[in-house]
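Here are a few exercises to work through with the model open in your viewer. Try each task before you read the solution.

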Amino acid sequence: MAGGAVAEPHRPGCFKQPKKAHKAGRHRTKGSLRRAGKGRVSVQTISKKVRKDLKKHDRRHHANQIRQQKREAVLTEKRSLGSKEGPPHLVAVILLHAGTSAQDALRLIQSDETASVHDRDEGGERFGLVCPRFKQRFYFIRVNAGDIHAVLDLAKVADTLMFVLDPYEGWDSYGDFCLSCLFAQGLPSHVFVVQGVNDLPVKKRTDARKNLSKMLEKRFLEAKLFHLDTEQEAVLVIRHIAMQKQRHLAFRQHRSYLLAQRAAFEASDESGLVGTLKVSGYVRGQTLDVSKLVHIVGHGDFQMSQIDGPPDPMPLNPKTTKKREDAEMRDPAAEMEEELKVLMKADSRKQESLESEVVPDPMEGEQTWPTDEELREAEDALKESRKIVRRVPKGTSDYQAAWILDDEEEEEEEEDGEEGSDDDMEGEALSQASDESDGEGEADEECETMTVPESIRDDHYDEKIDDEEEKEMLEKYKQERMDEMFPDEVDTPKDVPARVRFQKYRGLKSFRASPWDPKENLPLDYARIFQFQNFTRTKRKIFNEIEEQEEGAMPGWYVTIHICNVPVSVMESFKPEAPLVLFTLLPHEQKMSVVHFLLRRHASNAEPIRSKEEMIFHCGCRRFRAPPLYSQHTAANKFKYERFLRSDATVVGTVYSPITFPSASVLMFKQRANGMQDLMATGSVLKVDPDRVIVKRITLSGHPFKILTRTSVARYMFFSREDVLWFKPVELRTKWGRRGHIKEPLGTHGHMKCLFDGQLKSQDTVLMNLYKRVFPRWAYDPHVPGPVPWEKSESSINVQEIEMD
């Protein structure tokens, strides 16, 4: 067109999709494909089952059959428990209030004239009850209410838990703590009983029943409260226990377990410290095989040498014959020896080994040995593990000293040689050093103006406060708050080159997509552990073999197990108030590996918990002490390390511990200085995988000094020209979403010219992410001391509540 504008030609952009390439070659017809196949059948047709389309009435009949089979399985299990063929119904009596007593309740249960009592101990803590009226037998046992370990151990094997409530308050703070722990571990069938409601005034009985019903409805929707004041009510309670539906615990479905009713110890050497432990009880769960390993809860793993079959001490239908009448006139011990039968003996060729660790061979050259520098760092860390002495002004009292904060740098937590010093502690310590003068003035000012209300004054208040514990707790709160405000940010040291301080770190183009070899730079502890080629397949194979197992002592048999090489301390711990519980281990469960737990913070505790802080774990049937390493729970091939246990998310805790096949519950406790143990987190076993890559991230920050269109000059990230050149390949980012890289250094003081994908804002911050892989610390301890009884630590709880108010 004359005089018109000339249209510009179309220019394709950078996102133009290429055209599909033409497939060269002759087109193959259906006939040619049929001749090439020559009658071959597809693999999918051969492998898949032929699906038959059933009619409507056939599908309904099939669903009714499945429903009937499940109903019959439940009825069979209910009828076998406590019957002649099954073990006695194990009932654990647990007190949920300090003002209640179980003696009256147990006395009423034994008062039934038609029932017979067997194996009753002197204190009446445990006894067997045979009820011909219900054609069932029961075994009642009561544990010490202040020992949470004993309560959890007994709940692992009990069929029913009988909770005894107070008529006025129901349960107290310790009862609430017990219920929280039992919920997390797995709550079997339970029943609630209360005594003393009829002793209240007539006008208060209705209110007491309503208050107890409201308390139960908050946690137990379908719970029914039973009164236990007369013999008729005791019979109703026993009937309910015998007829209620059983609830299964996942970690004991594939194992055989046993509650020790009798125990005897035979020393095998002159010192008498080690010998053979003979434990008698009823087999529960799966079939008991003598070639498997047995785990005594709280004491360790052992081998069995023999299983005997003594006569049942609680027969449901005792047969009175002339031979038995003559035997009753003789010594009972001699009669037991005559009727004792050896069911099976261990075969050394089939018996599982107690080997738990791999002995590394230094000549193989497959392990990563620590360098001289790492060994020096470990020695320096050991030297620094001393306590800091608090410095206070002259004439300051002990009460005032508890409020004065030291401005000196807190000593860092001792870690393994692989990780060196903790980076997040170093960054915060440098930031605190600049405010040293201000902190002293504020502390002195607080000491002068601090007053205590008259309502909570106590002459012995200072005796309940530990200065070191208060100081450490304050430092943890500061670190947790700084980590939330500035996640992973670390200050670059001025006296040490950054290329030396962060030489173990690397940069990643993408945390999600960048590759990381899981076999790279493994610590020496990895030479001691076991690893599965396919953990899921191994677990499925073991569970299938258990279902097909038929050899061994069947569930319901009363047996005596001979356990070899047992310390005498195990026999000393066998007391009426502390039950002795045995579990058989599945194959490979005695071996050490890297176990991952899925944990969630318990709502009752808000104390900050740092990673690698020593905790007490109840994992399935085990109880041990280990320092967990926390990481994020995401669907990726790398997982970010968490410095603290988050309260708003589910995290993964990683420890070195014996292998445990899921599903198994996990409870994490923290022990105080006074011996009390607080429930910190609950969860379950995730998997066993040493190849899980846990990556620790640190962030170096700098400030824009001069800003141009896309180029900016940043400073305070590094303090030397060599450091800028060393970290030049690492990508940069900003808090406002810009991305870029280092173009060149400027001068010799760490200034650098950076190029970004857009213009920066003056209030923006330049960041650089560095990563390194971290590993847990080998500090597994299977010997966990028992907690202090709840009554002895009431004062410490009251002090904590006062401080929170």
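**Exercise 1.** Find the loop that holds Lys-612, then decide whether Lys-612 is buried or exposed.

*Solution.* Step one: Lys-612 sits in the loop between strand S18 (592-601) and strand S19 (615-619). Strands here are DSSP runs of E with at least two residues, helices are runs of H or I with at least four, and both are numbered from the N terminus. Step two: the relative accessible area of Lys-612 is 1%, so Lys-612 is buried. The cut-offs are under 20% for buried, over 50% for exposed and partly exposed in between, with a 1.4 Å probe and protein chains only. Step three: check the backbone, where phi of Lys-612 is near 70°, a positive value in a residue other than glycine.

A word on the source: this is a predicted model, where local features need pLDDT of at least 70 and side-chain atom pairs count only at pLDDT 80 or more, while totals for chains, interfaces and linings use all residues. Residues are numbered from 1 along each chain as its sequence is written, and side-chain values use heavy atoms, leaving out hydrogens and water.

**Exercise 2.** Work out which strands pair with S17, and what happens on the faces of S17.

*Solution.* First, take strand S8 (residues 256-259), which runs antiparallel to S17 and is joined to it by 3 bridges; Leu-259 stands opposite Val-581. Two strands pair if DSSP finds at least two bridges between them. Then look at strand S12 (residues 293-296), also antiparallel to S17 over 3 bridges, with His-295 partnering Phe-583. Finally, the faces: S17 (residues 581-584) is covered on both, with Val-581 and Phe-583 buried on one side and Leu-582 and Thr-584 buried on the other.

**Exercise 3.** Trace the hairpin of S9 and S10, and say which residue in the turn has a positive phi.

*Solution.* Strands S9 (residues 262-267) and S10 (residues 274-282) are antiparallel and joined by 6 bridges. Within this pairing, Ala-263 faces Val-279. Now follow the chain across the 6 residues between the strands: Gly-272 in the turn has a positive phi of about 75°.

**Exercise 4.** Which residues does the cis peptide bond join?

*Solution.* Pro-662 and Ser-663 are joined by a cis peptide bond, with omega about 10°. Ser-663 belongs to the loop between strand S23 (651-658) and strand S24 (665-671).
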